[in-house]
Structures are given as C-alpha cells and as structure tokens.
Amino acid sequence: MAAAGRAWRVAALLPPWRLRAPCRSLGSAARGAAAGGSRLLLGAAFALGGGAGLCLAARQRLREHSAAELPAGNLQLTLYQYKTCPFCSKVRAFLDYHGLPYEIVEVNPIMRKEIKFSSYRKVPILLADAGSPLQLNDSSVIISAIKTYLISKRNSLEEIVSFYPPMKTVTEQGKEVLEYGNKYWLMLDEKETKRVYPVKEVRVEEMQWRKWADDWLVHLISPNVYRTPKEALASFDYIVREGKFGTVEGFFAKYMGAIAMFFISKRLKKRHHLRDDVREDLYEAVDKWVKAIGKNRLFMGGSQPNLADLAQAVYGVLRVMEGLEAFDDMMVHTKVQPWYQRMEEAIQKAAA
C-alpha cells in the first residue's frame, strides 16, 4: 500500500502525456540568463526573442562531450551555442544521432566574449579542427556540410564548406543579413545521391521540411513559451534555478526577463501573423508534420530518421520546450507524441 501511495504521488507530478507512455526525456539541462539592469532586457531580447525562438544562455562553460576524433578522420568538433536555442538544439541532435563526439562552449548572450574570435556573431558556430581550425556557421549549413563529409570521401571538409557560400541579403524590414546558399543540399555525386535518396522525391521532401522548420516552426516557440505572464515567469523561474544565480541577480533575471519576453512575444506574434491564441498555430503546425509522415512510416525518413525528422529540424526545434507548459500542452493536444518518443529512443540508441 505504501509503494502504491508513492507511485501515485510520482504519477501526480508527471504531465498527462508522460503518464500515457512514459519514456526518458532528453530535454535541456543547464539553463541560464545574464542579468543586470538594461543589459538584462537586451540580453533577454537577444537570447530569447527574435527569429531564433527560445535561445537562453548560461554564463558558465559546460563541457558535455569530450572532443575526440571522428571516425572519418582526425577532426575535433567544438560547438558554440546557447543551450536552449532551437537552432543549436538541431545541431546537437544531429551530432548525437551520428555518434560524433564534440565539445560545448556556452556563450553569454550579452557580451558574447566566447565568440569574439568570429565576425559572425550568431550561434551556433561549429569549429572543426583537422590540424587547422575551420569555422562553420548556420545550423543548416553545419548539418548539411558534416552530413556530406560523413557520406562522401572525395572532398575535404574545407572544400565541402566552400559549396555553401555566404551571401548578403536585405529583409522586408530593410535589414541587411547574411544568408548561405545551398544550405539544405547535400553535396553528393550521382552514385552517392542514389544511395542516400533512392528516388528524387525523397530528397525534395527532406529539403522542404527542413526549410519549413527554419522558416515557420521555429518562430512559434517564443510566442508560446511566453504566451502569458504566468508562463513567462515560470520559464524564467526555471532558468534562474538552473542557472544558480545569486539572490539579487536571480531576482532581476527572473522578473525583468519575464516581463521583457512577455512583451517581446507579443511583437513576435504580430510579426509572424499568429492567431490570438498562439497555441492553435503550434498545434496546427505540429499536426501538419505528423500528417506528412503518415501512418505507414515511423519517421519522415522511413524506418530511420532523416534530416527533416532528426533535422535536426523538427525534433531539434520542439525539444527546447521540454519542461514548459507549452510542451506539455502540445503533447496532449496534438498527435506528435508517438513520433517524438521514437525520436528520443533513436537518439538514445545511437548515443549508446
């Protein structure tokens, strides 16, 4: 009877979707945010708002994987990131699934001194060292370039990266930004392409959904996790607790950050033309993804995840919400749970 009582108390603490089909979470661990007056607001806007969605950063360095050589060559990988940035999460999911050891350097979102060596001031940044360091920018470029390198032995990584040229473009708001050409393409010869993509439609579908995750799904994160003052405060309460802030510093980070991101999320909702209840947009997007996979496939890639599932696109974006109300709501009100749990299991199996 006592054991049953303990089991009930544990069950009462779990979200409903975990009760239906429990499985181990691969959610984010250490989360933090920089604090201090107006810098906190700017840091929150930079790290958590904008197009990147939920991008929070701890101030300390975290080393989760020891740098080691890839099976394909004498190559060491170092990932500069914000722990809960969806674009960074995509890259981690990709590296984990492919069993590639890497070192993590957590970047302060205000000072960004960890990436002062780079003229490119966004994350993720991946340094690949095979005797001399090579910098890869943009999550989709990183994934496409490393995937090409693992499949094709014809070109060096430096040559492969040159196939993704940086290009300056101007947004609708008149802001100049840096984009990368071909970033959803794997640079393979005809024989390699047929081996990876038996039919042309498979490649087209993978690229289409990778782009969809970057252009649409990622922009639903911030408006959902900061949807109400309560949710914004809960998010920053978790951030502060995980970040191990001092009493005063933690107070400002929690309350000023929550206020800033609540109002920023409203601007993001308007910018991306979301509904009054942004949950509806999230549910619709996730169910659209599940419908595209269909009933006859475990993953978009068939029996194994491809770059759209794992992509380190859809899974990588969604998992940054784990532990928050928006994530639990999504699991209860959409059909994504079975696919999401298969993704967790696939990455756990690959990592093991």
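Me: What counts as a contact here?
Reply: Contact means heavy atoms within 4.5 Å. This is a predicted model, where local features need pLDDT of at least 70, side-chain atom pairs count only at pLDDT 80 or more, and totals for chains, interfaces and linings use all residues. Residues are numbered from 1 along each chain as its sequence is written, and side-chain values use heavy atoms, with hydrogens and water left out.

Me: OK, which residues is Glu 192 in contact with, leaving aside neighbours within four places in sequence?
Reply: Ile 151, Ser 152, Lys 153 and Arg 154.

Me: And which helix is Glu 192 in?
Reply: Helix α7, residues 190–196. Helices are DSSP runs (H or I, at least four residues), as are strands (E, at least two), numbered from the N terminus.

Me: Is Glu 192 buried or exposed?
Reply: Glu 192 is buried, because its relative accessibility is 9%. Buried means under 20% relative accessible area, exposed over 50%, and partly exposed in between (1.4 Å probe, protein chains only).

Me: Zooming out, how many helices and strands does the chain have?
Reply: 15 helices and six strands. The chain has 352 residues, and 52% of them are buried.
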